[in-house]
Amino acid sequence: MLTRNHLFTGAAALVALSLGGPAGAQEPIKIGELNSYKVFSAFLEPYKKGWEMAVEEINASGGVLGRKIEIVSRDDNGNPGDAVRAAEELLSSQKVAFLIGTFPSNVGLAVADFAKQRKTLFIAAEPLTDKIVWEAGNAYTFRLRTSTYMQTAMLIADAVKLNKKRWAIVYPNYEYGQSATAAFKKLLSAKQPGVEFVTEQAPPLGKIDAGAVAQALADAKPEAIFSSLFGADLAKFVREGQQRGVFKGVEVFNLLAGEPEYLDPLKEEAPEGWYVTGYPWSEIKTPEHAKFLAAYQAKYKDYPRLGSVVGYSTVMSAVAAIKKTGSLDQYKLITAMSGLQHMTPFGNVTYRALDHQSTMGAYVGRIAVKDGKGYMKDWRFVDGKDALPSDEEVRKMRPAN
Amino acid sequence: MSAVLQVEGLHKDFGGVRAVVDVSFAVDAGELLALIGPNGAGKSTCFNMLNGQLAPDSGIARLGGRDILGMSPRAIWKLGVGRTFQITATFASLSVRENVQMALYSHAGKLGSLLQRFGAAFTVEADALLDQVGMLEQATRLCGVLAYGDLKRVELAMALANQPRLLLMDEPTAGMAPRERVALMELVARLARARQIAVLFTEHDMDVVFSQADRIVVLDRGRLIAGGKPDEVKANVNVRDVYLGGMA
Amino acid sequence: MSLPSILIQLLNGLASASSLFLVSAGLSLIFGVTRIVNFAHGSLYMLGLYGAYSLIEALGRTPLGFWSAVILAALVVGLVGVAIEVLVLRRIYRAPELFQLLATFAVVLVIKDVALFAWGPEDLVGPRAPGFGSVEILGKRIPAYDLLLIAIGPVVLGVMRLLLKRTRWGALVRAATQDREMVGALGVDQARLFTSVFFVGAVLAGLGGALQIPREPANLDLDLAVIADAFVVTVVGGLGSLGGAFLAAILIALAKAFCIGIGTVHLFGTEIVFSKLTLVVEFVIMGVVLVLRPYGLRGKKPATPRTSGEIAPALTSPRWQVAACWMVLFLVVPLLGDRYVVVLLTDIACFALFAASLHFIMGPAGMVSFGHAAYFGLGAYAAALLFKRAGLPMEAALLLAPFCAGLFAVVYGWFCVRLSGVYLAMLTLAFAQISWSIVFQWDSFTDGSNGIVGIWPSAWLSDKSVYYYMTLALCGIGIVFLWRVLFSPFGYVLRAGRDSPLRAEALGIDVRSFQWAAFVLAGMLAGLAGAAFAFSKGSISPSSVSIGQSTDGLVMVLLGGVETLTGPVVGAALFTWLRDELARDTQSWRAVLGLVILLIVLLFPQGLVGGLKALIGRWREARA
Ligand SMILES: Nc1ncnc2c1ncn2[C@@H]1O[C@H](COP(=O)(O)OP(=O)(O)O)[C@@H](O)[C@H]1O
Ligand SMILES: [Mg+2]
């Protein structure tokens, strides 16, 4: 029969497997990075450019602890199972010092739990879910990006000011949309008693039936709409809504819609007057941002997206932690991460010792259109530390480590 | 002595087509009854009602006192009816012996086992059956590669596996060489007489029919037009007109 | 809902139905004639959108530019369809039907990366249709373009009907749909007929996509999103029936629109969120239709239940020497390799059992499942929930999980074994999707989209190597058990039932009951694989119940070969390892994986193991 060939192929495959990871001597410090590059490529390609630029900058200035840094990056297919396996490979075969990255909330949560199990530092770059630092928080996981709760809280002031009674809500039906909606309802009800949520639509992520959804919202006769749609869902919703006159005389709040990733594809149809969080990259004049912008444009001949800032800053956080620790000991690293401060293109951020959330802020403003392109006008920067619940509330949500 | 199978008033319409109209006949143990008639006469329809594949519109078919019309093929098989198909149906990926063993296992109610090896039991019985139909030399070949005539033989062996009282054979020799046909039906006749099996079969080859059948019934456009011993049927004017004349 | 709202939602539904119909009509046409389940049909739709976008940019946003772009895009996609047929499928028409499915799946992977390369990752929002504004109906505004779409569906249906009724080509297509062998016998040039059918089918998909450009941004997720919908529509309508596809498209689009329109309803104090049903309503419809009308709304029972042309070869059991050598390898390698090798091998062990259990019903029992992930995922969830919510010890959760998965298989299987062929496959898919959407949306119980985290094995198993050996033992026993069963009377009955259900029934065998039992057995073992997988990851998410997981299983089985026992195991190992390797170091790993699969498909039409066996056989003969 096929004994010989069977064995041969099998052996070859297994040998190939076991030759996976070379061990290094006094070589670069390796940091493991995972992300869903193929699944969420629109956000993650700029993100990757961001961290690549950061690595280049750090190494050009001599690295850290006298060693260069190297990012070993893996695609997790947007799938928690694959992510955990990739994380294991990074730790076991690649011998990385610790982990950074991830985008969707479920992958972030799975890797966070894995980090806890393996007692390894994990800096979650993108996942927005509040759980990752609160209900499901752990000692080893830190999160950089402005969370769902924070972004929602940043919009609340404007929402309260408008004093609209009837609100309609639309959100993509998964963790991010659900937690944004929950945060919004809680915060607005607290600040504006008597507010009414007249309808809720939860279309599946990436598969919104925009005409029907827009119509259903309009039928409820809301005075204002809170949306957390993004990407293709947002584009479809905007177009259908405009053609059907759904947004006439209705104020709309939309998380993330000011981020170039999602705003730019809308071109001249960008919905004017919407309240959004985002990233008005061309108008931010702080020295730290100007420096980042110049370097990015010089390197890539392209403008940065929000993902670029996140990618860049994540690596900067990792380096700052190593610098502060002076070693790669996990326990010392997480101790250093608690309360760690460093500079990002959005100014100084601090990883709070309380819940491991960074205080990275976000830009809040309204969408306007100029020269066939959407942009953010009347924007202001909100520091993340001002958009978080009280320490008391956080302690209640977060399990003791 | 009473008939093994007694059919009375069998009737079937397909939409407007009256495929079988008020057909009655009986088959005795050890007897070969040939059901003949031109194409489209309703022979297969009769068969399919008797073997449970078609529900009749009306009629009775008594097998040992029970009406089998409307029963499932499975139940009918369990009452002791073996059959061969007009277009052979065997298990192509199984060997000839395994095909017969399948029938034997099923007859013994031993198919539910998960861990025994199939084929360990009933080898002797299967080989005996294969020997009877002359397929023993090919016992280990897959049914999928057999010649058509050989498949018919395998079907016969399978049909015999549950020691049937009645054999239903729709065109058992179709697709075989003339000499093979006679040989196969001779074999059937021998087995039927030895084991007292009633056999109902259809056949196009008149040589086979008139040499092997004990009795013949003739169908035309759904109706029985004649019946009796081969010589009587041969002499029947009706039959000559509508059938034998047409064939010639 | 007020009357105007109902009317508007009706129009919304009809507008969405049009494109859905076009894609499904193409799929149905191709299946009818070639018997190929074209997984890449959604990719063709996606290419239609991208093509229309680029062509409009090139030709200008004028009415002329817009409409020429739409037509051109459809034609170009038609040519892509021809290329797929000529370059890939034509070479494997003789292979088992399912193998072609694998080939089209590989094409999906390739097209996705080509599109990423050509158009970049960002969503491309096309222009509105020039000259189309909004119209007001009963005081509500609706895009005029939607009304045009509503009209296009019936027009295309009419044109296709004419083509089929009045032309020689149409007559051939109809004849081939009814009886593929007959057309071959009539001496028709089959290759040309198939190519032309692929062209027309692909044009329909491309047109369906291109027409959506004012309504939907071109993006890379469309292929799989659309193919699932198109499958459902085609099957609900009845394979090969254009009128049925049209009906089904309308039925499903309307159901979705009304779920959204109804929104949240309070009934007897409980809140029912209808808009969340959009994820699942089409699969519920498909399930109900298939249970009530096994061949879809307008489909007919195929003339011959099974093409008798190709015969499944006999199964041979793996030699114990081979098995022993493999075992030794699997036992020893972890001692040589690093920790990650152990992790990867654990995955491979789980997937091998998953694939073997799928093979069990798919190969010998002849029941193809497109939804086998249901049992893998539900087993994983059962383990996680028993462990976290019921507080059982990890070991108990692991061992009880297969029974929970088996329970689902009892219910789902009861319905599934009443069908056969593609209809059966689609019903399994429907059940899997229904399970997925429940897992995905039942936040309070399953933690919804987040999945369940913190499900780590007990202390004595916490070492990866120990866990690996345990998984290896469990999965190994599972696989050997399945193999053993295949050579038992029970297993032979399954093969007999596949070869000739007619004969089996005539031998007094209750084929369906055996198939049902097989379904349950396979479900349980898939559940065991899922449970072992869950504890190895420490977390479990809805993706373990998803279509993606099901197709992974199919690819593993087909890659290794359906017709051998070791095939699925080798396929699982190869696929898992290949994907891991490629994803690590290759930018376009999807395309590379697709090409590798295509290469295997073209070189070894019986799957890798089957192909190797044939090669060795030939080599032996040559030497003898
Ligand atoms: N399933 C069916 N549906 C409609 N008509 C049928 C069907 N089966 C047989 N018929 C018709 O019934 C008549 C008898 O057919 P059949 O029993 O096959 O004849 P025979 O076997 O004697 O050649 C024919 O006119 C045939 O067309
Ligand atoms: Mg006949």
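User: How far apart do the C-alpha centres of domain 1 of chain A and domain 2 of chain A lie?

Analyst: In this predicted model, the two C-alpha centres lie 27 Å apart. Domain 1 of chain A covers 26–147 + 285–361, and domain 2 covers 149–283 + 362–391.

User: What makes the meeting of domain 1 of chain A and domain 2 of chain A a contact, and how many residues does the contact take from each?

Analyst: Contact means heavy atoms within 4.5 Å. The contact takes 31 residues from domain 1 of chain A and 27 residues from domain 2 of chain A. The area buried between these two domains is about 2,500 Å², and carbon and sulfur atoms give 60% of that area. On the side of domain 1, A:Tyr303, A:Phe346 and A:Gly361 supply 18% of the area buried against domain 2, more than any other three residues.

User: Why is the pair A:Glu175 and A:Lys131 called a salt bridge?

Analyst: The rule asks for a side-chain nitrogen of Lys or Arg within 4 Å of a carboxyl oxygen of Asp or Glu. In this pair the closest N and O atoms are 3.1 Å apart. That value is within the cut-off, so the pair counts as a salt bridge. The count between domain 1 and domain 2 of chain A is 2 salt bridges. Across the interface of these domains, 15 residue pairs are in polar contact.

User: Which elements give two or more residues to the side of domain 1 of chain A that touches domain 2 of chain A?

Analyst: They are helix H2 (41–60), helix H10 (287–300) and helix H11 (306–325) of chain A. The largest share, 4 residues, comes from H10(A). By class, this side of domain 1 has 14 nonpolar, 11 polar and 6 charged residues.

User: How do you know that chain A and chain B do not touch?

Analyst: Touching needs heavy atoms within 4.5 Å. No such contact is found between chain A and chain B, and their nearest C-alpha atoms are 19 Å apart. Of the 2 pairs of chains in contact, chains A and C share the most contacts.

User: What is buried between chain C and chain B?

Analyst: Chain C and chain B bury about 2,700 Å² between them, with 66% of it on carbon and sulfur atoms. The contact takes 29 residues from chain C and 32 residues from chain B. C:Pro489, C:Arg503 and C:Leu507 supply 25% of the area that chain C buries against chain B, more than any other three residues.

User: What makes C:Asp510 and B:Arg74 a salt bridge?

Analyst: The closest N and O atoms of C:Asp510 and B:Arg74 are 3.5 Å apart. The cut-off is 4 Å, so this pair also meets the rule. The count between chain C and chain B is 3 salt bridges, and 16 residue pairs are in polar contact across the interface. Of the side of chain C that touches chain B, helix H18 (464–486), helix H19 (489–499) and helix H20 (501–506) each supply at least two residues. H19(C) gives the largest share, 8 residues.

User: Why is helix H1 of chain B said to be largely enclosed by the rest of the structure?

Analyst: Buried means under 20% relative accessible area. In H1(B), the residues that are buried are B:Lys43, B:Thr45, B:Cys46, B:Phe47, B:Met49 and B:Leu50. Because 6 of the 8 residues of this helix (residues 43–50) are buried, the helix is largely enclosed. Just after H1(B), B:Gly52 takes a positive phi of about 95°.

How values were computed. Residues are numbered from 1 along each chain as its sequence is written. Chains are lettered from A and ligands numbered from 1 in the order in which they are written. This is a predicted model: local features need pLDDT of at least 70, side-chain atom pairs count only at pLDDT 80 or more; totals for chains, interfaces and linings use all residues. Side-chain values use heavy atoms; hydrogens and water are left out. Domain bounds come from an automatic or database domain assignment. Buried area is the accessible area (1.4 Å probe) that two parts lose on being put together, summed over both. A polar contact is a pair of N or O atoms within 3.5 Å; within protein, one must be able to donate a hydrogen and the other to accept it, and residues adjacent in sequence count only if both atoms are side-chain atoms. Ala, Val, Leu, Ile, Met, Phe, Trp, Tyr, Cys and Pro count as nonpolar, Asp, Glu, Lys and Arg as charged, and the others, Gly among them, as polar. Buried means under 20% relative accessible area, exposed over 50%, partly exposed in between (1.4 Å probe, protein chains only).
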